[in-house]
Amino acid sequence: MKGAFEAPFPMDVYLHLIAQGLAIGLLTGVLYVLIALGLTLIYGILHIVNFAHGEIYMLGAMGVFYCYVVFKLPFAATLVVILLLSLLLGLGVERAFFRSLRGQWLQLVVASVGLSLIIQSLGWIAFGIQEKNVPSFFTGVVAFGGVRLPTERLIAAAVGVVLVALLYALVYRTKVGLAMRAIEEDEETARMLGIDADRVAALACAVGFALAALAGAFVAPIYSLNPGMGLEAILMSFLIIIVGGLGSITGTVLAGLLVGVLQSVGGVLLGAEAAYGLVFIVMIVVLVVRPAGLLGKA
Amino acid sequence: MRHPTLALVVLVALAVVGLPDGVHAQKSFKVGAIVPVSGPAAAFGLGVQRGLELAAEDVGVFTVAGEKYKLEVVTYDTVYAPDKTVAAINRAVYNDNVKYGVIIGAGVHPPILPIIRETGFLDFAFAAAGRQITNPDNPTAFRIMASSDQLYQTYAVAIAEKLGGKRIAFLGPNDELGKNDAKAIKAEVEKLKAKGVSFVGDEYYERGARDFGPALLRLIAQKPDIIDTDGSPTGSIALIAKQARELGYNGYFVNSTAVLEAKAISDIAGKAGENIIALRIWANPPTKLYTELAERHQKKYGEAAPGTLWETYGAARWLVDTIVKADTFDTKKVADALAGSTYAAHPFGAASWGGEKAYGIKRQIIMPIPAAILKNGKWEPFDVRSGKFE
C-alpha cells in the first residue's frame, strides 16, 4: 500500500521518526501561528476576511531580501523598515478600502481579493520570476537525543512565541486592546462609550499587516521567496483561524500547532498525501463538534 | 478651434484604422505561449514567453506563399492548471485563430490532447513524462525538451554506477510528471538489480510546498545513497537539499528534467546544495548562441535567463524555418516537414527528431544533453557516459 513504509522498521526507528516529526511539526506550527495571527486580529476587530494577508507576508519576506541582501542594511534596521512600512500600508489600506466598506461582507471580500491579485501581479513584475533567497542568519543544527532541529527554525519559533506574547499584552493588557475587544464585542455600543472605532480599527489593521510582514521577514531565510508565496500561507492561515475560532488569538495558537503536528507526524507515519487528508479530516471533525472552532464564540 | 481639432482627430483615426491591408508591412503569424505566467510555476512560463519574444526579434519578417509575416507572441496564462489550460487552448484556437504554440506541463496535457488532435494544433510540448504525449495518435505534438524516459534511459544507470549508489529513492511533485518519473526510474533501477541496486522508496509533494521534512524523514529512514528529485524546480530542490542535510542525509541528489540555477541553490541551501547532479545543465556554454541569448536576456529583462528559454527559442526558430521551406501554415504539412528536418542552430547544438522506437513516432527532440554537478556553488561538468535514446 502506498503511504506505508516500503520496508518495516524496528520500533526504535519508528519512535525516533515520530519524535523528529513531532519536533519539526511544533516548529512549523509556530511559523503557521506567526503567519495567521495578523489575519485573526484583523478579522476579530474589523470582521474582514483579508485575502491580501498572504501578499503582505510575501512583501515582508521580499523586504528582507531587498533591505538585507540587496541594500546590505543591518538585520535590525531591516526589521524596523519592514515594521514601519507595513504599519503604514495597513493604515493606508484600511483608510482607502476597508473603512468605507465596513459591514459590507461581500464587497470587502471582493476588495481584499482584488488587492491580493493586484499586489501579486505587481510583485511578479517588480520582483521578477526568479526565486529570491535570503542567507540563513543562524546556520547549524541543534540535536536533542537524536532529534535534529535547525537553529534558524528554533530562532524563528522563539520570535513567534515573543510576538504572540506581545500581541496578548497589546490586546489584554492595554487600553487600546480593551477598545479593540469592545469593538469586537459590539461596535455600536463601543462608539456610544466614546471609543473612536475608526482609529482603533485602523490600528488593528496596521498591527495585523505588521504581523504578516514580520512573519514573512522571519520565514525568509528558511524558505525561498517568490511573489506567489502568499497563496500557500493564506490558505493555511484560513484553515487555522477557522479551526481555532475566528478572532481568537489563543485558538489560532492551538490550531496552528495542531496543524503543524498533524502534518508532520501524519506525514511521517502515513505519507505526505495521506497527511494532507488527515489534517482536513481532523479539522472537519473539530468543526462538527465545535462549529465555532476550538475557542471561537458561538 | 473646435473644428480643426475634430478634423485632426478624424484624420488620425483614419490613418490608424482606415488604411488598406496592403499598406501594412506584414501579417501576424501568431504563436501561443500557453503557459503559466502566474502562480508557483510562473518562472517556467515566463521563460517560454521570453524565448518566443527573443525568437520573434531574430526571425524578423519572413515570407510564406508570397505574403510577408512577422511572428507575434500571444500569451495565455494557464496557472499550470488543467482546466485553465483547456480554456486557454480553446480561446487560442477558436477565438484567436492561433494554430501553433508552446504548452507547458505533462499534467495539463491529457485534457487538451483531444483538442490538439481534433484541430491539428501544432503543440510544442514543454513537458517531461513520456508516451502520454508523444505517440502516433498525436502527430502534431512535438516534445521540445528531453523526456523523462530519454533522460533516465540515457543517464540513470550510468550515474548510479559512477557514484556507486546502491539504494535509490525518489521525491517529486504529486502530479503526472512526478508519478511518471518515479515509474521510469523504477524501471531503470530494475535493470541494475543483479548488481545489488534497489529502489527504496518514493514520496510526493504538492507543487509550491516549502516543507519537505516528513517526506524526507520517511525516505532518509530507508538509508538511500541517491535521492532523485526530478520534476522539481530550483527553489524546491534547494529546499529539499537544505532540509535533507539538516535531517542528516549525506548522499547525492539527482535531477533530470528541471533546469536549475546554481546561484539560487547556493543562496538557499548553502553548502547543503553541494553534490546535486543535474541533467540539462550546461556547466560551460555549449554554443556561441547560448552565450549571446543569456547576455541578451540579462540586458532586456534584468535577470538570469530561466531554464525554459533555450529550448523554446530553438524550437520557434526551427518552426519558422520549416514553415518558410514548406511555404504553408497548414499544421499537418508543417508537422510532417518538421519531423523530417534537422536544425543545426539550436542553442544546445545540432538537433533532430527521434523517439520512433520508444514512442512509435518521431516527435521527440534529440539534441546534446549535458550533466553537471554542483561544487562550491558552481556547476562543473559531470563526466558520465550517456546512452542512446531511439
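From the N terminus on, the elements of chain A in this predicted model follow the order α-α-α-α-β-β-α-α-α-α-α-α-α. That comes to 11 helices and two strands. The radius of gyration of chain A is 20 Å, close to the 19 Å that the globule rule gives for 298 residues, so chain A is as compact as a globular protein of that length. Along the principal axes, its C-alpha atoms fill a box of roughly 65 × 50 × 35 Å.

Inside chain A, buried residues make up 51% of the 298 residues. Of the contacts between residues at least 6 apart in sequence, 76% join residues at least 24 apart.

Chain A also touches chain B. The contact takes 35 residues from chain A and 37 residues from chain B. On the side of chain B, the elements that give two or more residues are helices H2 (42–59), H7 (213–220), H8 (234–246) and H9 (262–269), together with strand S8 (198–205). By class, this side of chain B has 18 nonpolar, 11 polar and eight charged residues.

One part of the contact is a pair of helices. Two packed helices are described by the angle between their axes and the distance between the axes. Helix H10 of chain A, residues 249–270, packs with H7(B) at an angle of about 25°, and their axes are 8 Å apart. Angles under 35 degrees count as roughly parallel, so H10(A) is roughly parallel to H7(B). The crossing of H10(A) with H7(B) is right-handed.

In this pair, A:Gln263, A:Ser264, A:Gly267 and A:Val268 of H10(A) meet B:Gly213, B:Pro214, B:Ala215, B:Leu217 and B:Arg218 of H7(B). These residues divide into four nonpolar, four polar and one charged.

Notes: Residues are numbered from 1 along each chain as its sequence is written. Chains are lettered from A and ligands numbered from 1 in the order in which they are written. This is a predicted model: local features need pLDDT of at least 70, side-chain atom pairs count only at pLDDT 80 or more; totals for chains, interfaces and linings use all residues. Two residues are in contact if their C-beta atoms, placed from the backbone, lie within 7 Å. Helices (H or I, at least four residues) and strands (E, at least two) are DSSP runs, numbered from the N terminus. Ala, Val, Leu, Ile, Met, Phe, Trp, Tyr, Cys and Pro count as nonpolar, Asp, Glu, Lys and Arg as charged, and the others, Gly among them, as polar. Axes are lines fitted to C-alpha atoms, for helices over the stretch in contact, and angles run from 0 to 180 degrees between N-to-C directions. Angles under 35 degrees count as roughly parallel, over 145 as roughly antiparallel, 65 to 115 as roughly perpendicular and the rest as oblique. A crossing is left-handed if the near helix is turned anticlockwise from the far one by less than a right angle, and right-handed if clockwise. The radius of gyration is taken over C-alpha atoms; the globule rule is 2.2 Å times the number of residues to the power 0.38. A residue is buried if 20 or more other C-beta atoms lie within 10 Å of its own, exposed if 12 or fewer, and partly exposed in between; C-beta atoms are placed from the backbone.
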